[in-house]
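Reader: Before I use any of the labels attached to this model, I would like to see each one set against its rule.

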Amino acid sequence: MAIAAIVVVAMSLRPGIVSIGPILPSLIHEFGMSHTTASLLTSIPTILMGVIALPTPWLARRYGRDPVLLLALLLIGVATLLRAFSFNVSELLLSTAAVGVGIAIAGTLIAGFIKARFPHQAALLMGIYAASLSLGATISAAGTGPVENVMGGWRVAAGMWCVVSIVAIIGWLGVTMSERGHHSIVPVM
């Protein structure tokens, strides 16, 4: 179950960034953005992934890994959905920043979880994690444009990726409940 959860969490960490590329011309047209401003839609999350990763271990120690990770996944999902309802550039950039914060926190915590939970298979599972990141990026890059064309706009194409975050939250709740169940079992002597 933990490996499946790692896969779905990893797959949820790239659509919020990668799905912007295919709909960027529509965003530029609708909001009248310059190319410089439009570039912030991919650079803000990337910058935040580096900056926010630094305090993430402290957050996990202070509030617990699972609650912080679940909150980060929720942030990604909500911000992705809110981005689809943005009506000005400020809202678009703010929701993009929230996506970046969530990705930074979740990515850092998943990598730490893999190394702590699977110390002897860490390299293999980090490979699965990296492949899942790539799979999420590929699916979102390939799927966003066609959805925009079929559904008649960028909003559905941008917002639909919140579903992946919902699946990741459900997967991680399963891991959380499973770990609590294992810790609550007291051996009988």
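This is a predicted model: local features need pLDDT of at least 70, side-chain atom pairs count only at pLDDT 80 or more; totals for chains, interfaces and linings use all residues.

Reader: Why is the pair of arginine 155 and glutamate 30 called a salt bridge?

Author: A salt bridge requires a side-chain nitrogen of Lys or Arg within 4 Å of a carboxyl oxygen of Asp or Glu; arginine 155 and glutamate 30 meet at 2.7 Å, N to O, and therefore qualify. The pair links distant parts of the chain, with arginine 155 in helix 9 (residues 154-159) and glutamate 30 in helix 3 (residues 20-31), 125 residues apart. Helices here are DSSP runs of H or I with at least four residues, numbered from the N terminus.

Reader: What makes aspartate 66 count as buried or exposed?

Author: Buried means under 20% relative accessible area, exposed over 50%, and partly exposed in between, with a 1.4 Å probe and protein chains only. Aspartate 66 has 11% and so counts as buried, whereas arginine 65, its salt-bridge partner at 2.9 Å, has 24% and is therefore partly exposed.

Reader: How do you know that the radius of gyration agrees with a compact globule?

Author: The radius is taken over C-alpha atoms, and the globule rule is 2.2 Å times the number of residues to the power 0.38. For 189 residues a compact globule would have a value near 16 Å, and the protein has 18 Å, which agrees.

Terms used: Residues are numbered from 1 along each chain as its sequence is written. Side-chain values use heavy atoms; hydrogens and water are left out. Helices (H or I, at least four residues) and strands (E, at least two) are DSSP runs, numbered from the N terminus.
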